[in-house]
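Colleague: I am new to this model and would like a close look at one part of it. Could you take me through a single residue and what surrounds it?

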Amino acid sequence: MSASAQTHGNGSIPKPRSQRQLVFNVLRYDPARPEAVPRMQAYKIEEADSMTLFIALNEIREQQDPTLQFDFVCRAGICGSCAMMVNGRPQLACRTLTSALPEETTLAPLPFFELIGDLSVNTGKWMRGMSERLQTWLHTQEGERDLRRIEERMEPELAEQIYEMDRCVECGCCVAACGTAQMRKDFVGAVGFGKIARFRLDPRDGRSDDDFYDMIGDDTGVFGCMSLLACHDVCPKSLPLQTQIAFLRRKMAAMGL
Amino acid sequence: MPYETIIVQTGLAERVAKNRWPARLDVLQSGTGLFLALFMWGHMFFVASILLGETPMWVITKFFEGHFIFGSSHYWLVSCVVALVAVVFVAHAGLAVRKFPINYRQLRAIRAHSRAMRHEDTTLWVWQVYTGFLLFFFASAHLYQMLVWPEKIGPYGSGDRMWSDGLWPFYLTMLLAVELHGGIGLYRLAVKWGWPDAPRATLKKLKWALTAFFFVLGLATLGAYMKIGFEHRAHYGERYTPAWIAAEPQNENRAVAPAPQAAPSGENE
């Protein structure tokens with residue numbers, strides 16, 4: 001954009017990386033039009049310094065094709081809205097620098113989730129269903145909470161551990177990367193295991209392993225996980241999914257003994 | 001009719017507490033896989049004894065036939081071990097097949113997914129499916145052979161099987177499938193259960209090193225049996241007798257299985 005124009009030919013300002021012509025092959029499809037067939041559409045743009053995929057897509061939409069659908073909110077890897085398949089792998093568009101991409105890039109919507117159109121998918125609908133299925137909220141044992149009472153103390157280390165799993169932004173990358181989920185649509189997915197691991201850690205949650213087993217103790221749950229670990233490898237928040245799923249598996253397996 | 005039968009048939013099983021079998025089956029799948037992978041390593045060292053010479057391999061076969069305990073060969077001992085391995089193998093196959101793509105949609109989905117993702121662990125799993133599928137047939141055939149004809153295991157017997165029986169392509173295919181399947185399987189067990197708690201990159205390097213080692217050892221062993229079989233082709237069916245036993249005529253009948261009646265291969269033609 002303008003930053004690149006300023007730096008050209010100016011000896012006092014460091015010259016940016018060579019300007020590349022980027023080609024984005026985008027899967028276009030509108031499920032609301034049953035007669036439409038999914039097709040690839042190519043867009044060419046000039047790469048700018050520090051450009052992210054999110055910036056590139058906005059430039060395409062503003063300057064070339066206002067009908068292109070994709071999601072974003074925060075632009076900072078916090079909202080988890082802009083996940084898409086970048087050259088076959090799920091990534092957040094806002095956290096993907098074009099400098100890390102080849103000159104030609106293929107973009108597609110996340111698989112598994114309901115397609116809204118082009119690169120936009122309804123992850124929220126599935127996440128809500130998963131939340132309700134796994135009851136991913138605190139189950140306190142007491143009935144009515146006395147809000148005037150001081151909360152129980154928690155060790156900072158434990159709070160840190162809980163917070164670590166709470167960093168999940170529900171972007172859906174782990175589910176889109178999961179081989180099991182691509183074959184079996186009722187699979188809980190790493191995001192669900194992360195939630196269970198988080199509430200299992202929380203001393204305020206009154207649920208026992210028996211209760212958790214009822215939710216994830218079968219092949220749609222933790223025993224369906226085949227440990228391909230793409231979830232762990234693509235997680236934009238670098239959550240320790242591998243160790244958390246292994247931990248849950250050991251705990252749930254112990255329930256069968 | 002039992003309560004469980006009724007609620008499962010009516011689709012209400014999820015409305016009552018989950019039963020514990022999924023947990024047990026998951027542990028069993030891993031446990032049988034671990035047993036088979038470790039057994040295959042031991043098995044490879046036993047058969048590779050041929051690289052040390054015909055006599056060391058003969059001693060190992062005679063050891064498993066109980067020869068040095070009972071003074072004569074009891075082939076049923078070998079059959080018992082084979083039967084045990086076969087039971088574990090069938091159990092593992094039955095448990096692991098639950099994870100296979102079971103229809104065209106699933107097969108197509110996982111293939112496209114693995115191709116697009118270019119993610120090593122996902123690709124390795126697809127290989128495990130293919131090699132596992134091959135082993136349904138190859139390992140079953142091999143186990144049946146060993147169960148029914150344990151007496152044919154030996155330097156000459158195994159050599160004849162590779163060369164005169166023409167089974168070396170069968171064993172070469174099975175070697176490749178087993179080493180890939182078992183090596184990937186052990187790596188997956190480690191990351192699945194979180195033990196040993198080493199970085200994945202380290203585990204994967206170890207996995208590839210072990211796979212390469214056993215594959216090279218297996219190839220050398222296969223080559224050695226093929227060479228013996230080739231050189232022994234005129235005496236097909238004859239059993240190996242170490243020189244120190246052949247020199248003692250009174251021991252010969254006791255120590256060595258009688259040669260089958262099969263004529264040398266050349267005479268039949």
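Modeller: Happy to. Let's look at F45(B), which is partly exposed because its relative accessible area is 45%; buried would be under 20%, exposed over 50%, and partly exposed is in between, using a 1.4 Å probe and protein chains only. Please keep in mind that this is a predicted model, where local features need pLDDT of at least 70, side-chain atom pairs count only at pLDDT 80 or more, and totals for chains, interfaces and linings use all residues. Residues are numbered from 1 along each chain as its sequence is written, chains are lettered from A and ligands numbered from 1 in the order in which they are written, and side-chain values use heavy atoms, leaving out hydrogens and water.

To find F45(B), go to helix α2 of chain B, which covers residues 21-47. Helices here are DSSP runs (H or I, at least four residues), numbered from the N terminus. Leaving aside residues up to four places away in sequence, F45(B) touches F213(B), F214(B) and L217(B), where contact means heavy atoms within 4.5 Å. T221(B) is 176 residues from F45(B) in sequence, yet their C-alpha atoms are 9.6 Å apart in space.

How values were computed
Helix = DSSP H or I, 4+ residues; strand = E, 2+ residues; numbered from the N terminus.
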